[in-house]
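This briefing goes through a structure, moving from the overall fold to contacts between chains and then to single residues. Please read it with the sequence and the coordinates at hand.

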Amino acid sequence: MIPLSWYLLLSLILFAIGVLGVLIRRNAIVIFMCIELMLNSVNLALVGFSSYIGNEIGQMLVFFVMVVAAAEVSVGLAIVIAIFRNRLTVNIDEINLLKW
Amino acid sequence: MTAQALVFLVLAFISIASAILMITRANPVKSAIFLIINFLALSILYLTLSAQFIAIIQVLVYAGAIMVLFVFVIMLLNLQDEKKLSDKLDLRRLFALLLVVFVFAEIAFGLGKSLDSRFLRQAENSVEIGKIEFIGEKLFSIYILPFEITSLILIVAIVGAITLAKRKFE
């Protein structure tokens with residue numbers, strides 16, 4: 001039987017890759033994908049804890065995280081489409097209307 | 001090395017490799033495909049944790065619905081490849097890498113201190129917990145209020161997405 005720390009280490013590595021992707025990529029859609037990767041890595045940690053501790057709270061939380069992720073993606077991609085319609089780009093360096 | 005450890009290591013390798021490939025591809029469609037591979041590997045990892053319901057939902061919701069939406073939007077916008085990805089390391093990227101290493105070290109330190117010899121094997125009732133029967137029973141008894149709020153979130157998301165993507169307010 002493999003210990004829980006292996007799953008947590010994998011979850012940590014995936015989360016770090018997601019953070020790196022958000023920071024170095026400039027395409028808004030790819031940044032959304034990296035956020036999905038981070039949400040998934042946290043889901044893995046939650047399911048691991050749920051299975052090793054032996055109660056269902058972790059899996060319930062994963063269920064609700066997935067619902068929120070679906071809502072977030074649909075609204076976020078609608079924002080991306082609206083921005084693309086106005087500026088003809090999804091490069092976040094060129095979307096600087098709110099910067100000062 | 002037992003068979004379980006071997007399965008875990010193979011799946012961990014697939015998921016990490018596909019995640020790294022995802023953030024380094026210039027073409028968004030390739031990124032999306034590597035993310036789907038990552039989701040499928042994670043779904044099998046959920047099965048090794050005996051969470052059957054979550055594994056199925058992972059394939060249905062993430063690899064099915066969400067990634068179809070991503071690929072649809074990428075095709076709709078007809079994006080070009082992202083430039084300057086393989087350029088020399090500029091200051092911003094170097095700083096990002098430093099920050100990620102810092103975050104990694106911080107969480108790893110916390111983990112190493114907190115669970116040295118605990119949680120070595122899964123709980124006896126872990127198979128029971130992962131079943132859809134058990135989860136459904138809990139979802140409609142104790143967790144009924146969050147479950148209903150979920151429907152509200154989805155309605156708000158639908159209305160918001162349509163309003164944002166609409167061409168003009170009438």
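Read along its sequence, chain B of this predicted model follows the pattern α-α-α-α-α-α-α, which amounts to seven helices and zero strands. The radius of gyration of chain B is 21 Å, whereas the globule rule gives 15 Å for 170 residues, so chain B is more spread out than a compact globule.

**Overall form of chain B**

- Along its principal axes, the C-alpha trace of chain B spans about 55 × 50 × 30 Å.
- Buried residues account for 23% of the 170 residues in chain B.

**Where chain B meets chain A**

- On the two sides of the interface, 66 residues of chain B are in contact with 58 residues of chain A.
- The elements of chain B that give two or more residues to the side touching chain A are α1 (3-24), α2 (28-48), α3 (52-77), α4 (91-114), α5 (126-130), α6 (132-139) and α7 (144-165).
- Sorted by class, that side of chain B consists of 52 nonpolar, 10 polar and four charged residues.

**The largest nonpolar core**

- The largest nonpolar core holds 59 residues, and those that touch the most other members are Ile29(A), Met33(A), Val47(A), Leu35(B), Tyr46(B) and Ile54(B).
- At least two residues of this core come from each of α1 (4-24), α2 (28-53) and α3 (57-87) of chain A, and likewise from each of α1, α2, α3 and α6 of chain B.
- The element that gives the most to this core is α2(A), with 14 residues.
- Leaving aside residues up to four places away in sequence, Tyr46(B) touches Val47(A) in the other chain and, within chain B, Ala51(B), Ile54(B), Ala55(B) and Gln58(B).

**Helix α7 of chain B**

- Helix α7(B) is hardly covered, since two of its 22 residues are counted as buried.
- Leu145(B) is found in this helix, and Leu145(B) counts as exposed because it has 8 C-beta neighbours inside 10 Å, where the cut-off for an exposed residue is 12 or fewer.
- Between Leu145(B) and Phe34(B) there is a separation of 111 residues in sequence, and their C-alpha atoms are 36 Å apart in space.

**Two residues with positive phi**

- Ser50(B), although it is not a glycine, has a positive phi of about 55°, and Ser50(B) is found in the loop between α2 and α3 of chain B.
- Ser50(B) is buried because 20 other C-beta atoms lie within 10 Å, and the cut-off for a buried residue is 20 or more.
- Leu88(A), also a residue other than glycine, has a positive phi near 55°, and Leu88(A) lies in the segment after α3 of chain A.
- With 9 other C-beta atoms within 10 Å, Leu88(A) is exposed, whereas Ser50(B) is buried.

Note on methods:
Residues numbered from 1 in each chain as written. Chains lettered and ligands numbered in written order. Predicted model: local features only at pLDDT ≥ 70, side-chain atom pairs only at ≥ 80, totals over all residues. Contact = placed C-beta atoms within 7 Å. Helix = DSSP H or I, 4+ residues; strand = E, 2+ residues; numbered from the N terminus. Nonpolar A, V, L, I, M, F, W, Y, C, P; charged D, E, K, R; others polar. Core = buried A, V, L, I, M, F, W, Y, C linked by C-beta atoms within 7 Å. Rg over C-alpha atoms; globule rule 2.2 N^0.38 Å.
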